[in-house]
Amino acid sequence: MKARRWFDGGALVALGAVFGVAGALKLADPVAFADAIYRYRLLPWGASLALAVYLPWLELICAVALGIARLRRPAVAVLAGLCTVFLVALILARIRGLSLSCGCLGGESSGSDLGTAIVRDAVLLALAAVYLTSRGRRKANQGR
Amino acid sequence: MIRGVVILLLVAVLPALASVALRWERLHGAEAPVVGITYREASRGGVLWLDARPAEDFRKGHVPGAVSIAEEGWDRTLAVVARRWAPGTKIVVYCAAGCDLAREAAVRLRGDTGLGDVYVLEGGWAAATGEGAR
């Protein structure tokens, strides 16, 4: 039980730190982030720009919401969704042989190479998924 | 939980709209970057190659079917693009590795034609020869 609590706390800190920092850095230059999104060649320029304006705020707000008890699970769920989307985009880029850095922190040249970014996103997704399922199970047990 | 998710998704819209209003000039004027493409990916599906190297380099060897911008001149290159381009066709510009001519030509071509699928070959001519183009 205690170990579980430590795990949950660690997962929240990791998710909050990564998405809080990433969101704040991307906010500084949305055009550079749009550039990074566009280079994945999954979205047209207009959609890349719209996402580049919206996503950093979503990441930042979710990172803050992790500190609010009522919004904690929804925030983890949203971040898990984001991790899934990022992971799919990264894997597709890898399969298509695109040579780009992940753009995880904004500009095209920012962030790590695709392989590192895939591993990091997979770890974050796993943390979020374990947190959500353990919380869900605990709630269901309390309800019995 | 779904209600919480929806709330978070909607709350993020407000500051995003505010930042669009604050940075409208910069966002409105931002143009899509010219994206690099590998030879292998470019060769999948329809592709129109444009060679941005000097004419004599083009005569020594080029990607099969490529059009030399230096030999044709800009206006005739545009005419060739207009004639050979079809929906789904990628236009890939290349020059020697590390040269900026391809990127400049790609930006100019996109501006003049309004076409979106204009790319620069990553690694330039050296990458193309490495993949067997001559």
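This is a predicted model: local features need pLDDT of at least 70, side-chain atom pairs count only at pLDDT 80 or more; totals for chains, interfaces and linings use all residues.
Residues are numbered from 1 along each chain as its sequence is written, and chains are lettered from A and ligands numbered from 1 in the order in which they are written.

**View 1. Chain A follows the pattern α-α-α-α-α along its sequence.** Chain A has five helices and zero strands. Of its 144 residues, 40% are buried, a residue being buried if 20 or more other C-beta atoms lie within 10 Å of its own, exposed if 12 or fewer, and partly exposed in between, with C-beta atoms placed from the backbone. An unreviewed UniProt entry lists residues 44–68, 75–95 and 115–134 of chain A as "transmembrane region"; UniProt positions are given in the numbering used here, feature names are shortened, and annotations may be inferred rather than shown by experiment. Residues 44–68 of chain A are 84% helix and 0% strand, with end C-alpha atoms 36 Å apart.

**View 2. Arg41(A) sits in the loop between helix 2 and helix 3 of chain A.** Although Arg41(A) is not a glycine, it has a positive phi of about 60°. Arg41(A) counts as partly exposed because it has 19 C-beta neighbours inside 10 Å.

**View 3. Chain A meets chain B through 25 residues of chain A and 24 residues of chain B.** Two residues are in contact if their C-beta atoms, placed from the backbone, lie within 7 Å. Helix 2 (30–38), helix 3 (45–65) and helix 4 (72–95) of chain A each supply at least two residues of the side that touches chain B, and helix 3 of chain A gives the most, with nine residues. By class, this side of chain A has 18 nonpolar, two polar and five charged residues; Ala, Val, Leu, Ile, Met, Phe, Trp, Tyr, Cys and Pro count as nonpolar, Asp, Glu, Lys and Arg as charged, and the others, Gly among them, as polar.

**View 4. Five strands of chain B form an open sheet with parallel pairing, in the order 1-5-4-2-3.** Two strands pair if DSSP finds at least two bridges between them. Strand 1 (35–37) and strand 3 (67–68) of chain B stand at the edges with a single partner strand each, so one side of each is left without a neighbour in the sheet.

**View 5. Strand 5 of chain B (residues 118–121) runs parallel to strand 4 of chain B (residues 90–94), joined by three bridges.** Val93(B) has Val120(B) as its bridge partner, and Ile91(B) stands opposite Val118(B). Strand 1 of chain B also pairs with strand 5 of chain B in the parallel sense over three bridges, with Val35(B) partnered by Tyr119(B). From strand 5 of chain B, Val118(B) and Val120(B) point one way and Tyr119(B) and Leu121(B) the other way, and all are buried.

Technical notes. Helices (H or I, at least four residues) and strands (E, at least two) are DSSP runs, numbered from the N terminus.
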